[in-house]
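The following paragraphs lead through the structure shown here, from helix packing to the ligand shell and the arrangement of domains. Please keep the model open while reading.

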Amino acid sequence: MKLRTRIILVYGTIFLFLMGSVVVAASFLISNSFRKVHQQDVENLQNMIDNEYKLLGERANNEVSRIAKSYGAEIVHALSAVETVRDTWRLIGGGTSMDILELGNADGTIVASVHDPARFGINDKEALRFAKSKNREPLLRIRAGNRLTVECISPVPTKGKALAFVVGGYFLKDQLKLEGTGADFIFLLQGNIPSVIYGEGASVDELKEKLVEIAQPRKETNPPKQEIKTPLVSKVNIQQNKSLKHKWLQWLKGSEQPEIELPKIHIGKKEYTAGIVPLMSRRNTQLGAIIATFSDTQSKLIQIKLIRSLFGVALAGIFAAYIAGYFISKSVTKPIQDLVDGVGVIASGNLDHRIESDAHGEVKFLVDSVNDMTVSLKENRERAISAERIAAWQDVARTMAHEIKNPLWPIQSSIRSLKRAYQSNRDDFEGIFDECTETIVEEVESLRKIVDEFSQFARMPKPQLVECELNEVIKDTLTLYTGHPEKVEISTEFENIPKILGDKEQLSRTFINIITNAVQAMPDGGKLTISTSLNSQPEFVKAIFADTGIGISPETQEKIFQPYFTTKKSGTGLGMAVAHRVITDHKGTIEVESKENVGTKFTILLPTA
Ligand SMILES: Nc1ncnc2c1ncn2[C@@H]1O[C@H](COP(=O)(O)OP(=O)(O)O)[C@@H](O)[C@H]1O
Ligand SMILES: [Mg+2]
């Protein structure tokens, strides 16, 4: 991956991450603030219920004490005549708005009930106790059919006669007016039977079912022994979350208020938050509850809107990151890319290459250093090459001197014997003369050959490059060998290859050297295969000369291209040196691979025209 792409990717990722965090944080804050709103709504509801309850209680109290006072005489009279008490009571009840109106006697037995005549004779101890006490606070009670009531009890003034009391009140379900609370639905749970007191909709029934589960009155395991005065509605269960996470959130919201976890209910795709206000009796048992449900539709809507707009911003941000990446790449990564490209060129062997860059700072320093390094590398290489060349020529000169010395000695001794024979005037002088001159001519001839070959090698002219077909050059060369080496088979595998720029004569001389060596390496016969093909590096053609000869030992392989290196008695050791020289002058390469007693393979690469 290129540096530029990487930078852009990193930018994009960081941006996406930031945007993601913002979206998550924002939607969290939104849902949280909605939760706070719901919490507030639940508190308002609680206050509303308290007020309603108080009002109902006052009304009931007023009515009950009014009836007890104004009908006291009739009540006392009626109590003494059991047959008439029901009629009297119905009469009195006709004049009140209360849902419940009952009359009890001194042992707490209900002697008349307007709303439920069947309660005649039932003992209401709780009412009796209240009648006897001074407490006139309203009571929350649950009556037959799971109906919650707000009731008051008032003793009837009886002027010394046995006690009587009036019980009066209202059904909560019919009297509670809870509107404008922000809730979608409000349910009244009486015992474990829920009924709707506010709102209507398709999900009411489903909600009802689920609500019963979460708001079921808790079984009081330890009912308080003493009658304690508790508020009708206790505060919604306040769970103070002490975990670090919640403390954090609280800090985030900047509020001191304790966290209230309102339960959530799912109906289909909709989510409801439920606020539960338990309704408690005076003995602190839960008789029921008022449950308000708030749908999260609005909060979800705002969240979606926010996420959508943030997403838009994020897209724009990524686009901006790409633009920024482009400019950054221009100022930062381009010089580095230039440097990388340049080092690549230099590493591939082109030491004349100079990296050009408008970099600044460290990168400029780096570029300059690489350029300086390339210069000194080139100088070193040239120095090494010339040293190598000098050493090579020293070798050549030494070998030459040795080669020349060999014929010099026979010449010298021939001349000496000739002189001696002449001076001593020998009879066989003629024979000696012939012998000696013959030796001298022979040795001089050998000297001439050495000098000729040397000058041929040393003064080898630069190749005259012309466009030519490599296959044709090889074919022409091979005509020299037709039928010549009897035991050696020469086969060719020519591919259709592009033309090359070459000096036909020099190339032919090279191939002669290689083929001659191959033939010499197969004294007992064998096969030489010559093939040409297009190299995988497309600007080069390849020629391979593979024989099945004696092969070359690894130590020898290193030396075969050196001038005067030979393993043969009558060899000059110049053949492969010439071949190497010609191929390198053609800007090609020649390599040898060999296995002793298996064969030798020369691979030549030549640039195409
Ligand atoms: N095809 C071959 N098989 C075996 N040895 C080879 C082959 N080609 C070259 N050589 C080795 O390389 C040496 C150098 O070859 P060359 O330069 O042509 O000199 P010369 O043929 O005069 O010995 C040879 O003496 C021989 O040892
Ligand atoms: Mg040779």
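The axes of helix H11 (residues 470–479) and helix H12 (residues 504–521) approach to within 9 Å and cross at roughly 55 degrees. Helices here are DSSP runs of H or I with at least four residues, strands are E runs of at least two, and both are numbered from the N terminus. An axis is a line fitted to C-alpha atoms, for helices over the stretch in contact, and angles between N-to-C directions run from 0 to 180 degrees. H11 and H12 are therefore oblique to each other; angles under 35 degrees count as roughly parallel, over 145 as roughly antiparallel, 65 to 115 as roughly perpendicular, and the rest as oblique.

The model is predicted: local features require pLDDT of at least 70 and side-chain atom pairs count only at pLDDT 80 or more, while totals for chains, interfaces and linings use all residues. Residues are numbered from 1 along each chain as its sequence is written, and chains are lettered from A and ligands numbered from 1 in the order in which they are written.

Helix H9 (residues 361–423) and helix H10 (residues 429–458) also have axes that come within 9 Å, crossing at roughly 165 degrees. H9 and H10 are therefore roughly antiparallel to each other, and their crossing is left-handed. Among the residues that meet are Met-400, Ile-404 and Tyr-422 in H9 and Phe-429, Cys-436 and Phe-454 in H10, contact requiring C-beta atoms, placed from the backbone, to lie within 7 Å. By class, this contact has 17 nonpolar, four polar and two charged residues. Ala, Val, Leu, Ile, Met, Phe, Trp, Tyr, Cys and Pro count as nonpolar, Asp, Glu, Lys and Arg as charged, and the others, Gly among them, as polar.

In total, 23 residues surround ligand 1, the closest being Asn-517, Ala-521, Thr-566, Gly-571 and Gly-575; a residue is near a molecule if its C-beta atom, placed from the backbone, lies within 6 Å of it. This shell comprises nine nonpolar, twelve polar and two charged residues.

At the level of the chain, the assignment gives domain 1 (71–175), domain 2 (354–459) and domain 3 (462–607), with bounds taken from an automatic or database domain assignment. The C-alpha centres of domain 1 and domain 3 are 132 Å apart.

Key:
A crossing is left-handed if the near helix is turned anticlockwise from the far one by less than a right angle, and right-handed if clockwise. Two residues are in contact if their C-beta atoms, placed from the backbone, lie within 7 Å.
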